[in-house]
Amino acid sequence: MLKALLQGKPFGHPLHPALVHFPIGLLILSLLLDIAARLWTDQEGLYQAAFYTMAFGTVAGALAAIAGFADWTDIRRDHPAKKTATTHMLLNLTALALFGINLFLRSRQPGLAGTSLVYLGLSLAGVGIILVSGYLGGKMVYEDGIGAGRHRRHTPTPTETIRVSGRDAQEGWAPVYDAEAMKDGETLRVDYDGKIIAIAKQGGEVYAFQEFCTHRYGPLSEGKICDHQVECPWHRSRFDIRSGKVVEGPAKVDMKTYKVAIREGKIFIR
Amino acid sequence: MIDFLQGKWLKHPLHPALVHVPTALWPAALVFDVLSRFGNGNNLFVQIAFYAILFGLLVALLAIPTGYADWTDIRREKPAWKLGLYHMGLNLTIWVLEAANLGLRRQGFQTEAMATPAQVGLSALAALLLIVSGYLGGRMIYAYGINVARLSKKKWREIAKEGGAAIPPEKGE
């Protein structure tokens with residue numbers, strides 16, 4: 001599937017963060033060459049070097065944008081990083097547009113390239129935006145674990161959190177979802193009056209357990225479900241989804257499990 | 001010092017931010033080298049490749065200590081420790097190759113129209129090793145979670161606590 005390829009799943013490494021090196025590195029070099037050209041007079045060559053470096057960086061940035069968009073679609077709609085991701089995308093598109101204009105203007109006056117402060121200003125603004133945006137991109141990975149362990153998961157991850165309330169419950173049993181609508185290895189993320197619960201289907205059975213890993217609190221609803229275990233996407237801690245016991249570290253503390261019942265084709269949890 | 005190199009002050013690890021520059025510029029130097037071989041006799045691409053290699057070398061000098069600081073936090077029995085060791089060995093090799101590459105170019109970068117076969121060869125070898133090494137570095141993050149939630153574990157701990165999760169006692173991290 002094209003999306004899996006754009007997300008780099010066959011390589012076990014997301015594609016977007018591998019591609020972004022190129023626009024980031026090249027566009028920064030382009031700006032430095034522009035500045036160097038101003039510091040040393042008679043350096044027409046440096047302006048041209050800045051132009052080509054910018055052209056390569058912009059093309060590479062457009063490619064990175066495609067892979068980045070594929071990654072964006074898989075972030076849960078109510079994940080705090082979704083907003084960061086949207087900002088990151090809008091900033092990058094703005095920077096790409098600025099460099100596009102920059103290149104267009106420069107290409108129309110090859111002999112005069114760099115003589116106008118407008119060009120330098122456009123490059124400065126573009127690189128400034130990229131630095132901010134790159135910081136946000138890094139925060140998504142290192143703070144929120146976006147993209148980490150995603151390739152090990154073979155079913156789609158939850159696109160949103162299902163909210164259920166005790167008011168709809170009978171004796172604490174709250175209806176969540178159609179049991180038949182869940183495929184094997186699939187998960188749901190549920191907010192039951194503030195308790196965040198992951199629900200997984202395996203071998204025809206449905207299990208409910210806490211959403212957060214007990215190591216660094218990675219999202220278990222995005223983990224791999226296999227052999228009645230859930231593997232945290234971040235650091236591969238594994239828990240038995242029937243008992244909640246730790247099977248494999250780094251986690252040391254067992255996770256909570258919740259009771260599940262199937263009534264008239266609906267999943268209930270308590 | 002280790003905290004500084006690991007990027008705690010920036011709330012973002014430093015090493016992966018710095019590596020963009022050499023990772024982009026050294027393979028780009030190879031592309032410019034190849035273009036120079038097909039070029040029109042103009043010195044431009046030789047000059048760009050020279051600046052790309054030079055700027056890459058300078059930023060890599062900063063990337064090396066930050067990467068080493070990150071690596072010291074990985075426990076030896078973890079698979080990522082070995083990946084990190086290979087990653088570091090490859091990167092140090094690549095740095096030396098690119099330094100030699102720059103040395104070969106010092107004389108003629110403002111006059112020559114074409115990169116020599118030796119220069120192109122060094123660029124190609126370095127780029128190849130860099131792709132392998134960059135892949136290993138990426139695997140450390142995306143497959144083994146190195147640096148993931150290291151600086152944000154307090155935030156996630158609070159979120160997990162609010163979400164009713166069992167969590168380890170305060171000092172059990």
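Mentor: What follows starts with the interface and then turns to the pocket and the cavity.

The model is predicted. Start with the contacts. On one side stand 56 residues of chain A, and they are in contact with 54 residues of chain B. Now the area. The size of an interface is often given as the accessible area lost when the parts come together. Here chain A and chain B bury about 4500 Å² between them. Carbon and sulfur atoms account for 66% of that area. Three residues stand out on chain A: Tyr142(A), Arg216(A) and Tyr217(A). They supply 19% of the area that chain A buries against chain B, more than any other three residues.

Next, the polar side of the interface. The rule finds 21 residue pairs in polar contact across it, counting pairs with both residues at pLDDT 80 or more. There are 2 salt bridges between chain A and chain B. One salt bridge joins Lys155(B) to Glu143(A), with 2.8 Å between the closest N and O atoms.

Which elements of chain A build its side? H3(A) gives the most, with 9 residues. By residue class, the side of chain A that touches chain B has 27 nonpolar, 20 polar and 9 charged residues.

Now the empty space. Rolling a probe the size of a water molecule over the atoms shows where empty space is left. Take the second largest pocket. Its volume is about 700 Å³. Its lining draws on both chains: His215(A), His235(A), Pro250(A), Arg75(B) and Lys78(B) lie nearest its centre. In total, 28 residues line this pocket. They divide into 8 nonpolar, 7 polar and 13 charged.

The largest cavity holds about 220 Å³ of space. It is lined by 20 residues, and Asp74(A), Gly147(A), Arg150(A), Thr157(A) and Glu222(A) are the closest to its centre. The lining of the largest cavity divides into 7 nonpolar, 6 polar and 7 charged residues.

The side of chain A that touches chain B has 9 charged residues. The lining of the second largest pocket has 13. The lining of the largest cavity has 7.

Notes: Residues numbered from 1 in each chain as written. Chains lettered and ligands numbered in written order. Predicted model: local features only at pLDDT ≥ 70, side-chain atom pairs only at ≥ 80, totals over all residues. Heavy atoms only, no water. Contact = heavy atoms within 4.5 Å. Buried area = accessible area lost by both parts, 1.4 Å probe. Salt bridge = Lys/Arg side-chain N within 4 Å of Asp/Glu carboxyl O. Polar contact = N/O pair within 3.5 Å; in protein donor to acceptor, adjacent residues only side chain to side chain. Helix = DSSP H or I, 4+ residues; strand = E, 2+ residues; numbered from the N terminus. Nonpolar A, V, L, I, M, F, W, Y, C, P; charged D, E, K, R; others polar. 1 Å grid on protein atoms, 1.4 Å probe; cavity = no way out; pocket = protein on both sides within 12 Å on 5 of 7 lines; lining within 4 Å. Points joined across faces, edges and corners; volume = space filled by probe spheres on them.
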